[in-house]
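This report is written for someone meeting the structure for the first time.

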Amino acid sequence: MKNTLLLIVFCIIFQVNKGLCQINKEFYNALPDSLKPKNIDKLSVLEASSLLNRALSFSESNFAQLDIIEAELRKNVELAQNRGIKIKGYYALAMYNFNMFKGDSISAAYNKKLISLIGKDFTGFEKEIFNAHLLNSNFFISSDNYESAIDEINVALKIAPKVKDKKVIPSVYKTLAHVNQILHLYPSAIDNLKMAEKLSVHSSDSYQSFDFAYLPISISDNYIRLYFLEKNKKYLDTASKILTNLKKTKVLTGRWLADWYVIQGYILYANNHYPEALAYADSSLAINFKKEDLTPIKAKKIALKGLILTKLGKKKEALVLLNERKNLPDNFFLTELVLKELYNTNKSLGNFKIANENLEEYLDFVDKQNTIHYRGIVFSTNQKYKVQENKAIISKMKLESEEKRRKNRTIFIVLMSGLTLFLLFIYYRNKINKIKFELKEKAYSQKIFLMSDKIAQHDELIKTEIAKAELKERILIAQDLHDDLSGSLVALQYLIQDMSDRSPSSHEKEALNIVSDEVKTIYNETKIFTKTLSNNKNTSNASQYDIDIYLNKISKYFNDLGLIKINTSYDPVLIKKHFTPIISENIYFILKECLTNIIKHAAARNVFLKLRFFDTYMTLTINDDGNGYTPDNKEGMGINNLSSRIADRLNGTLTIAGSDEGTEVNVNIPLVK
């Protein structure tokens, strides 16, 4: 039995002394002298631990060799009998798996073993236990347990004075700043980053390769977050000074230059210098790098360009970028900006359904971020006041959160109400146009009937009675039209005027004024038809259907809305000379029908309209650059009415020709001498 135990002990000692694995000569030759193992064929636990601790300083071509060393160290660290060697091994495994993104669960398992092995007596292992608690804080941050993360940081801060290697001390303040930033405690984050800068050993490798740029850029980033939170431009000025000083004193390349461009771009964006900001965004996007180009950094670059493009009017291009970066990890103010801009852009493009989804997503996001922010405020308060006082603060915060939610819901309801009013306006406008059309057709058929000389004498009495009945019906319709529709139009006009008076935006006022003018036009036309019906005679005249005024008005209206560009060519003097009231009225409705068809069916961007006069006739030519016109056996009512109007009322002719390049409508009308 004794001999068997001796044999087992011998095998264990032999296994440990034998070394972990061989390392290839190329890797060995690239190592600095301080890291080179004594024997290339016998890498000890301590030597392997030292190599893994410096993993971030190696190039990617050496990562495969480091993974082999890590796998062998994982197998052999358990066999080590010396407590100190085991601590070094577990420390190296925990840090390596965390730094190389091998998975928090693996790193956490070794970190737990490390803390358990060190215990309360950490003499000689101050650096290891300090970093172990910092590592635990990062695991808690990943699971959104910020209170426990702060507890771990506080433990590390107590150990910090005893740590001999002062190069690691700034990391505790950087981690604390990271938690502050997540909780939206940006002033605290800035203070902790400045403390990290103050305590940094500027001659150390970590500062020379990382912190020299990370710290000032992170401080600037937090100042920008403060600006978007409080809208105080002093924060932008401070961030700009920090970035300018960094560029003057340090040579920036790769990730740091890209990050510098991004932060500078957001400063210009906040100051409304959009073309300059776009140049910085493009410069940042042009810099490509591998491992360092992490999602948060890449997201900031793409989001910046998307936000700028919306301000420059390139909304469709911006939507692609903004949708790609709706959710920006660890970046509250950017995500809020992106969601707000998505809502405004989709709304302006008429994508109301998507805009509503963006609005709901924005409200949910702000609600969640408010909760996180309140957690930060509660934590900060707990450092100063008793727990009993904090309960009252939490209750107050919940009420404020509920109030903010109510306000957000109110905004949503107001927006939806506005959209509903707009849709109702469109519906009633179409309904009014339909009624007007039906009344016109009915009035003309009645006039033809009343003016007929060919009816036999014995039908005169019947015709007279019918005419009286029809006149009575027309008067009733006119009365109903006046009392119902006219009243509705007046109410709608006052409602639009009230909305215009309340609106803070000049753009919205202008849009509402255009709508108000259109309602006035509909109201006046309705009055004319009401009067026509009541008086039993045609009251139309040339001034009522002034073609020159109508074309100028409709051209400006469509051009202002960006719907269609109308190009006209005619002589107003000749129009007044040759257009009788009947011609003016019918030309007016011909133009309306043609422009309506172009808007509904052609998807055109330009319309070219010509009126030419000859000795005995005139021509009206309307061209568009839309989809073209394809004749169908089943023509719509609009085309049939148009053809009938021209032939029956003006004794003219209508021809329509379509191609891939658009449609041409020609109307020839004889002139009355």
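## Helix packing and selected residues

Helix H22 (residues 547-561) and helix H24 (residues 581-602) have axes that come within 10 Å and cross at roughly 20°; the axes are lines fitted to C-alpha atoms, for helices over the stretch in contact, and the angles run from 0 to 180 degrees between N-to-C directions. This is a predicted model, in which local features need pLDDT of at least 70 and side-chain atom pairs count only at pLDDT 80 or more, while totals for chains, interfaces and linings use all residues. Residues are numbered from 1 along each chain as its sequence is written, and side-chain values use heavy atoms, with hydrogens and water left out.

H22 and H24 are therefore roughly parallel to each other, where angles under 35 degrees count as roughly parallel, over 145 as roughly antiparallel, 65 to 115 as roughly perpendicular and the rest as oblique. Their crossing is right-handed; a crossing has this hand if the near helix is turned clockwise from the far one by less than a right angle, and is left-handed if anticlockwise. On the H22 side, Ile547, Tyr550, Leu551, Ile554 and Phe558 meet Ser584, Ile587, Tyr588, Leu591, Lys592, Leu595 and Ile599 of H24, contact being defined as heavy atoms within 4.5 Å. Sorted by class, the contact of H22 with H24 has 10 nonpolar, 1 polar and 1 charged residues; here Ala, Val, Leu, Ile, Met, Phe, Trp, Tyr, Cys and Pro count as nonpolar, Asp, Glu, Lys and Arg as charged, and the others, Gly among them, as polar.

From H12 the contact takes in Leu236, Ala239, Ser240, Leu243, Leu246 and Lys247, and from H13 it takes in Leu257, Trp260, Ile263, Gln264, Ile267 and Ala270. By class, the contact of H12 with H13 has 9 nonpolar, 2 polar and 1 charged residues.

Trp260 also belongs to an aromatic cluster, together with Tyr261 and Tyr280. A search of the whole structure finds 12 aromatic pairs, for which rings of Phe, Tyr and Trp (its six-membered ring) pair if their centres lie within 6.5 Å, with planes under 30 degrees apart counted as stacked, over 60 as edge-to-face and the rest as tilted. Two of these pairs are set out below.

| Pair | Centre to centre | Angle between planes | Arrangement |
|---|---|---|---|
| Tryptophan 260 and tyrosine 261 | 5.7 Å | 75° | edge-to-face |
| Tyrosine 427 and tyrosine 428 | 5.2 Å | 75° | edge-to-face |

Tryptophan 260 and tyrosine 261 are both buried, a word that stands for under 20% relative accessible area, with exposed meaning over 50% and partly exposed in between (1.4 Å probe, protein chains only). Tyrosine 427, at 45% relative accessibility, counts as partly exposed, and tyrosine 428 counts as partly exposed at 43%.

Isoleucine 129 is found in helix H7 (residues 126-142) and counts as buried at 3% relative accessibility. Leaving aside neighbours within four places in sequence, isoleucine 129 is in contact with Ile115, Ile118, Phe122 and Ile159. Threonine 619, placed in strand S3 (residues 617-624), is buried with a relative accessible area of 8%; not counting residues up to four places away in sequence, threonine 619 touches Lys610, Leu611, Arg612, Phe614, Val667 and Asn668.

Most residues other than glycine have a negative phi. Lysine 231, although not a glycine, has a positive phi of about 60°; lysine 231 lies in the loop between helix H11 (205-230) and helix H12 (234-249) and is exposed, with a relative accessible area of 52%. Alanine 603, likewise not a glycine, has a positive phi of about 55°; alanine 603 sits in the loop between H24 and strand S2 (606-613) and counts as exposed at 59% relative accessibility.

Taken as a whole, the protein has 25 helices and 5 strands, where helices (H or I, at least four residues) and strands (E, at least two) are DSSP runs numbered from the N terminus. Of its 673 residues, 42% count as buried.
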